[in-house]
Amino acid sequence: MLGLKFESLPAKRLLAGLICFYMTCTLPAWASEPADKAQIDSASGLVIQPGFEMVRAHCTACHSAKLVTQNHMSRERWLSTIRWMQKTQNLWPLPQEDEILDYLSANYGERDMGRRAPLPAHLMPKS
C-alpha cells in the first residue's frame, strides 16, 4: 500500500481505525439502497415506473418535477391537489387521471415520517 509498512501495533491500530472510519462513512451510500431500487429519470428526477410518461408530460408542462418529488401524499390528497390546480391554476382535464394517480400514490405516497415532527394541535390553524 504505497510502500508504507504498518508493522508496529500503533500503526496497525491506526490503519484499522481508518478502515473502520471509511466503512462507517460510506456504508449508508451503498448498503441502504434496496436491491430492487427503481430507476430515476436523469432529466426530471422522477421514478421510472408505469405512468411516468404521463406524469412527466402533464406535470412538468407547468412546473418543475421537483414539485412532485418533494411531495408525498395519499391518493386522495394528490386528487385534491389536481382538482385545486384545475380550479385555480387552469390545469386541463387529465385523460389518464387514474394512471397518473396510481403513479403518484405508488411512488410519491405518504411517508411514515416527514422532515420534521408534526406541529402540536394548538399551533395548527383553526378550521
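Predicted model: local features only at pLDDT ≥ 70, side-chain atom pairs only at ≥ 80, totals over all residues.
Student: Where do I start with helix α5, and which of its residues are buried?

Tutor: Start with the accessible area of each residue; buried means under 20% relative accessible area. In α5 that picks out Glu97, Ile100, Leu101, Tyr103 and Leu104. They span an arc of only 160° around the axis, so they sit on the same side of α5.

Student: Which exposed residues does the face turned away from that buried side carry?

Tutor: Asp98 and Ala106 are the exposed residues there.

Student: And what do the buried residues of α5 pack against?

Tutor: Their partners are α2, α3 (66-69) and α4.

Student: Let's take α2. At what angle do α2 and α5 pack?

Tutor: For a helix pair, look at the angle and the distance between axes. Helix α2 (residues 52-59) meets α5 (residues 97-107) at about 100°, with the axes 9 Å apart. Angles of 65 to 115 degrees count as roughly perpendicular, so α2 is roughly perpendicular to α5. From α2 come Phe52, Met54, Val55 and His58, and from α5 Glu99, Ile100, Tyr103 and Leu104. By type, this contact has six nonpolar residues, one polar and one charged.

Student: How do the axes of α4 and α5 cross?

Tutor: Helix α4 (residues 75-88) crosses α5 at roughly 130°, and their axes come within 9 Å. That makes α4 oblique to α5. The crossing is right-handed. Among the α4 residues that meet α5 are Arg75, Trp78 and Arg83; α5 brings residues including Asp98, Leu101 and Asp102. This contact divides into six nonpolar, two polar and five charged residues.

Notes
Residues numbered from 1 in each chain as written. Heavy atoms only, no water. Axes fitted to C-alpha atoms, helices over the stretch in contact; angles between N-to-C directions. Helix = DSSP H or I, 4+ residues; strand = E, 2+ residues; numbered from the N terminus. Parallel < 35°, antiparallel > 145°, perpendicular 65-115°, else oblique. Contact = heavy atoms within 4.5 Å. Nonpolar A, V, L, I, M, F, W, Y, C, P; charged D, E, K, R; others polar. Left-handed = near helix turned anticlockwise from the far one by under 90°. Buried < 20%, exposed > 50% of the residue type's maximum accessible area, 1.4 Å probe, protein only. Arc of directions from axis to C-beta.
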